[in-house]
Every structure is written in structure tokens, then in C-alpha cells.
Amino acid sequence: MSDEVAARLALAEALAREAGAMALRMRDDLGPVESKSPIDFCTAADHAVEAMIRARIAAAFGDAVIGEEEGGEAADSVWVVDPIDGTANFIHGGPRWCISLAWMRRGRVELGVIYQPREGRLFSARRGQGAFLNGARLSVSHLAHGAAPLVEMGWSERRPLASFTEALHRLTEQRFEFRRHGSGALGLADVAAGLNDAYAELHINAWDVLAGLLLVREAGGVVNDFLANDGLTRGNPVLAATPEIAPRLSALLGIPLPEPVEMAGSETP
Ligand code: IPD
């Protein structure tokens with residue numbers, strides 16, 4: 001693998017591990033917690049990890065970066081970075097937070113890496129070449145478990161609480177199970193790993209989802225066109241699911257899927 005995607009995938013995997021180790025060290029002495037809204041917080045670790053990632057990318061490739069904490073602009077070669085996704089879980093000391101890195105070339109997501117330090121889970125995908133967890137190939141569930149489909153439904157204050165509770169109501173009426181664990185990136189990674197049957201949220205930002213959407217797609221799942229209508233900078237609804245339930249969820253949540261629904265493939269999320 002000597003091409004430019006392979007070189008960036010190698011960097012992304014190394015960088016995710018380095019970022020995870022740095023965040024873990026900083027968690028020992030958390031410092032003040034900044035409040036972006038009543039339930040959206042940020043720590044010195046979020047800033048320091050993003051700064052480290054930006055410096056490493058600049059030194060290795062000089063690519064542009066869009067990051068959760070410092071922003072940034074689209075470019076032909078751009079990384080989309082969440083230094084800590086699941087910051088609330090990080091602050092509370094739980095395990096469900098991660099580093100999420102995606103690289104886009106000319107508007108298409110080429111690679112995605114998600115690393116969950118507390119569980120030692122490194123998810124990675126390259127467009128057209130499958131999705132992996134610590135080197136083992138992943139597949140969405142295809143509902144092989146035989147139980148009620150499990151949907152993780154995220155929520156933030158960017159959308160009214162009522163729209164979230166109404167969605168949960170409709171899911172429950174249709175015999176779906178639901179969860180909310182506080183990291184969109186890991187929710188998507190778990191769909192790719194077949195641990196959730198779907199992840200949905202009525203608005204989420206690109207740094208939370210681009211790596212995870214590629215993972216789901218490469219694991220045989222169905223995803224919405226997140227990058228439509230300036231999703232890269234403004235965010236969008238997200239839906240990612242095992243193919244068997246994707247059309248029903250799309251109708252139930254009002255999140256359109258590309259037509260015709262593809263069962264597997266390597267298109268851009
Ligand atoms: C948040 C998490 C959460 C999702 C929110 C995101 P952050 O990101 O991914 O699960 O529901 O929409 O903003 O703030 O922890 O990086």
C-alpha cells in the first residue's frame with residue numbers, strides 16, 4: 001500500500017492511538033470544564049488533543065483540517081477530526097468516548113479511523129476495502145441475532161427534545177429497542193460491528209460521523225447522504241443501519257436514503 005490513501009491511513013491509526021493515550025493521561029487531571037451549552041462541554045484535553053492532531057497532519061502532509069474545537073474549511077484534501085467524541089462520558093470517567101478521524105479527497109471520504117482508548121478498540125476503514133476492528137473484518141448484524149432490532153438514537157440540544165421523544169415513541173410502537181450512549185462515532189462503529197442494528201440522530205456534525213459512516217458502509221450497511229446540502233459544515237440528520245431495517249427506519253424518522261437503496265458497496269457516505 002504505497003498510495004496516498006494508504007499513507008494517510010497509517011498516519012490516522014498511529015495518530016488515533018497517540019491521541020487516545022494523551023487524552024487518558026489528561027483525564028487524570030481534568031482541569032476546568034468549559035460549557036458550550038447546558039449539556040455540551042469541553043475540556044483542556046479536547047483542545048490539546050486536537051492541536052496535537054493538527055500539528056502531526058500539517059507536518060506529515062500539509063492537508064487542511066476541520067476539527068470540532070477549532071473549526072476549519074473544506075479543501076480538496078481535508079481531514080475531519082473529533083479529538084474526543086463523547087466528551088460528557090470522558091468527563092464523567094466512563095469508557096464510551098473515542099477519537100474520530102476521517103480523510104476526504106475531492107469531496108469523498110477515503111478513510112475513517114475511530115479509536116476507543118478505554119476498550120482498546122481501533123476501528124478502521126478504507127473506501128472499497130472493508131471495515132475492521134483491531135484487524136478483524138466487520139459486518140453489520142443482518143439481524144442474525146433474532147431479537148428486536150436495536151437502534152441507538154442520539155440527541156443534542158441542536159434539536160428540540162420533543163422531536164427526539166416523538167422519534168423514540170414511533171420506534172417503540174414499531175417494536176424497535178432503543179439506546180442512547182453519548183458518542184455518535186461509537187454508535188456508528190457498533191453498527192459496523194453488528195452490535196447495534198442502526199444509529200440515528202436528527203442533527204449531528206460531520207466530525208462525529210464521517211469516519212463511522214464509512215465503517216458502516218464498508219461493513220455492508222446502508223447510510224444516508226450525510227454530505228448533501230453542505231452537511232460537511234452545517235451538519236445533517238444521520239441514519240446508518242443494517243439493510244433489512246433501513247427503509248423502515250428512513251420512513252419512520254423522516255431521514256431519506258439514496259435511491260435505490262444499495263445493499264453493500266463503496267460509495268461515499
Ligand atoms: C456529541 C456526541 C453525542 C451526539 C451529539 C454530539 P461530543 O459529540 O457524539 O453522542 O448525540 O450530537 O455532539 O460533543 O461528545 O463531541
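Strands (E, at least two residues) and helices (H or I, at least four) are DSSP runs, numbered from the N terminus.

I noted that this is a predicted model, where local features need pLDDT of at least 70 and side-chain atom pairs count only at pLDDT 80 or more, while totals for chains, interfaces and linings use all residues. Residues are numbered from 1 along each chain as its sequence is written, and side-chain values use heavy atoms, with hydrogens and water left out.

**Entry: cavity**

I looked for cavities (on a 1 Å grid over the protein atoms alone, sets of points where a 1.4 Å probe fits but cannot get out). I found one cavity of 30 Å³ or more. I looked up its lining (residues with an atom within 4 Å of a point), and it includes Met 153, Trp 155, Arg 159 and Phe 164. Strand 12 gives the most to this lining, with three residues.

**Entry: helix 1 and helix 2**

I looked up helix 1 (residues 4-27) and helix 2 (residues 44-60), whose axes come within 10 Å and cross at roughly 155°. The axes are lines fitted to C-alpha atoms over the stretch in contact, and angles run from 0 to 180 degrees between N-to-C directions. Helix 1 and helix 2 are therefore roughly antiparallel, a term for angles over 145 degrees. The contact (heavy atoms within 4.5 Å) is made by residues including Leu 11, Leu 15 and Glu 18 of helix 1 and Val 49, Met 52 and Arg 56 of helix 2.

Methods:
Parallel < 35°, antiparallel > 145°, perpendicular 65-115°, else oblique. 1 Å grid on protein atoms, 1.4 Å probe; cavity = no way out; pocket = protein on both sides within 12 Å on 5 of 7 lines; lining within 4 Å. Points joined across faces, edges and corners; volume = space filled by probe spheres on them.
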